[in-house]
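Have the coordinates open as you read.

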Amino acid sequence: MIEFFVAPLEYGFMVRALIGSVLVGVMCPLVGAYVVTRNLAFMGDALAHAVLPGMVLGFIVGINPAIAAVPTGVAVAVLVRIVSRRAGFSTDTSIGILFAAMFALGLAMLSLSTTIRVDMEDLLLGQLLAISPTDIYVSLGITIMVILGLFALHHWLLFASFDPVGSQVVGARANIVDYVLLVMLALVIVIGIQAAGVILVMAMLVTPAATAYLLVRRFVSMMMAAAAIGTAAAVTGLYISYHFNLPPGPAMTLVASGIFALAISFKRRVPA
Amino acid sequence: MNPTPYPHAARMSLRDVSVEFDGQMALRNVSFDVDAGTLMGVVGPNGAGKSTLFNAIAGLLPVRRGKVTLHRVDRKGGALAYVPQRESVNWRFPVTAMDVVMMGRCCRLGWCRRPGKRDRELVDACLCRVGLWDHRSALMTELSGGQRQRVFVARALTQEATVLLLDEAFSGVDAGAQEGLVEVLQTVRNEGRIVLLATHDLTNLAGRFDQVLCLNRHVCACGPPDEVFTSEVMEQLYGAHGVRLTIDGEGGKRR
């Protein structure tokens, strides 16, 4: 049994993949708790797709694609709110416009570029096993920033999430808090994309947090439980992918979905 | 005007205030004053502009003409507390009564500080004051409509607000709980705070308010409850909607 866990760690790439999976397993669900309770799942999906042009640009100019994706994600997150406010659309409409436009831009850049050799499948499904030391440093940097942000803004985030109007009356900070939350969402998506790719990052963002929502009562406990479930799913998925020769993104997603299926079979939350 | 018995407390004054909402003039030339230590009911049918009025006072909607003045009210310091309509609250967000009351301390805590002993003591005291100490660990979704409103009042108290705006506070609250809520608001008023409660129907509780503002896109009447509810005012309020209420309590007759 011990062999099952230790043997893969003889390889450097597996050690990096393990660190990467723990970071994804903790960070995506921590922010994902807000995604689930504030109905931001579509926003999360859109941001995951919208960072594509940044990643492609990173490949073209020779910067680590994770680093290049950060400003793109942040810019799109902020743009969504600006477009919604200026045009008077619902956020969903603005997300739909920007998400499709940015993803199309990324695909166009990928097709037009003659210099980059990127496998589209790697971008869409992640490449955790090929994660570089630089990717790990970027993820660690993002982790520290997001944890500090969540800690510093904790009470404002609770206030703005539960009672957006009441919090806005109290001060301009409520608006800033919403922007900061979207920026944090963009940041954790960048970590998640490395492991699970553009499409399956949603599984790490939403599924563990949704599972935790079923199992515990208070929001803070929900964040902790989501991080624990996310880490368990990410690490288990990584080992399954190694031993059964599966891509890690789908393996993690299936484990997380399995835990959710178990939780919902036994527990039902009373609707609000 | 009589001098206020709370010389350092808040005062609210609206002069010819007009507010647009969704491209329509939702409020026209609204003028009234509220002194410290006043419990005011804002009454009017659906679409009368009660929420628009509260949003304008709270600074959430721009005032097209006229002026809203809040004397001695530090908005950024949390002196204005807003209890929104049920529909505006994200009930899916899993917070307990105590969590919600602690939100009132946000303005005092700033960005990075965690709540200290004084904050926790204040939260406990405010929960006791509104009679919800035993329910402090209950999720908001587990509380009744009246209890939820009392939690929001406790949050306004921890916020150290001097002006409380409660929008549609009786919605989903049964008659007994409405009475309980008004009793709590009377004690809050007795400390010199201004309390405005909007509702489409004051039912039998009108007499418990110091002032009533009858609103139907403009001020139909404003004053003590026994003076404002005349047949002319009732017709201005509900006539436009095809419902005429009689003053003697028979109410609800359709023309």
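In chain A, buried residues make up 51% of the 272 residues. A residue is called buried if 20 or more other C-beta atoms lie within 10 Å of its own, exposed if 12 or fewer, and partly exposed in between, with C-beta atoms placed from the backbone. This is a predicted model, in which local features need pLDDT of at least 70 and side-chain atom pairs count only at pLDDT 80 or more, while totals for chains, interfaces and linings use all residues. Residues are numbered from 1 along each chain as its sequence is written, and chains are lettered from A and ligands numbered from 1 in the order in which they are written.

**Chain A**

Chain A has 13 helices and 0 strands. Helices (H or I, at least four residues) and strands (E, at least two) are DSSP runs, numbered from the N terminus. The radius of gyration of chain A is 18 Å, close to the 19 Å that the globule rule gives for 272 residues, so chain A is as compact as a globular protein of that length. That radius is taken over C-alpha atoms, and the globule rule is 2.2 Å times the number of residues to the power 0.38. Along its principal axes, the C-alpha trace of chain A spans about 55 × 50 × 30 Å.

Of the contacts in chain A between residues at least 6 apart in sequence, 75% join residues at least 24 apart. Here two residues are in contact if their C-beta atoms, placed from the backbone, lie within 7 Å.

Confidence is given as pLDDT, the predictor's confidence in each residue, from 0 to 100. Chain A has a mean pLDDT of 88, and 97% of its residues reach 70 or more.

Helix H3 (residues 41-50) of chain A is mostly covered, with 8 of its 10 residues buried. Among them are A:Asp45 and A:His49, along with A:Met43 and A:Leu47.

**Chain B**

The secondary structure of chain B comes to 8 helices and 11 strands. Of its 255 residues, 46% count as buried. For contacts in chain B with a separation of 6 or more, residues 24 or more positions apart account for 70%.

One open sheet of chain B has 3 strands in the order S2-S1-S4, with antiparallel pairing. Strand S2 (24-34) and strand S4 (65-71) of chain B stand at the edges with a single partner strand each, so one side of each is left without a neighbour in the sheet. Neighbouring strands of this sheet are turned by 20° against each other on average, direction ignored. Such angles come from axes fitted as lines to C-alpha atoms (for helices over the stretch in contact) and run from 0 to 180 degrees between N-to-C directions.

Another open sheet of chain B has 6 strands in the order S5-S6-S7-S3-S8-S9, and its pairing is mixed. Its edge strands are S5 and strand S9 (219-223) of chain B, each pairing on one side only.

| Strand pair | Sense | Bridges |
|---|---|---|
| S1(B) and S4(B) | antiparallel | 6 bridges |
| S5(B) and S6(B) | parallel | 4 bridges |
| S6(B) and S7(B) | parallel | 4 bridges |

Individual partners can be followed across these pairs. B:Arg11 has B:His71 in S4(B) as its bridge partner. B:Ala81 stands opposite B:Leu164 in S6(B), and B:Leu164 in turn stands opposite B:Val195 in S7(B).

In a regular strand the side chains alternate between the two faces of the sheet. In strand S5 (residues 80-83) of chain B, B:Leu80 and B:Tyr82 point one way and B:Ala81 and B:Val83 the other way, and all are buried.

Is B:Glu183 buried or exposed? B:Glu183 lies in helix H6 (residues 175-190) of chain B, and it counts as exposed because it has 11 C-beta neighbours inside 10 Å. B:Glu183 and B:Arg208 are 25 residues apart in sequence and 8.6 Å apart in space, C-alpha to C-alpha.

**Where the chains meet**

Across the interface, 23 residues of chain A are in contact with 28 residues of chain B. Helix H9 (154-162), helix H10 (164-170) and helix H12 (219-244) of chain A each supply at least two residues of the side that touches chain B. The largest share of that side, 6 residues, comes from H9(A). By class, the side of chain A that touches chain B has 13 nonpolar, 6 polar and 4 charged residues. In this scheme Ala, Val, Leu, Ile, Met, Phe, Trp, Tyr, Cys and Pro count as nonpolar, Asp, Glu, Lys and Arg as charged, and the others, Gly among them, as polar.

Terms used: Pairing = 2+ DSSP bridges.
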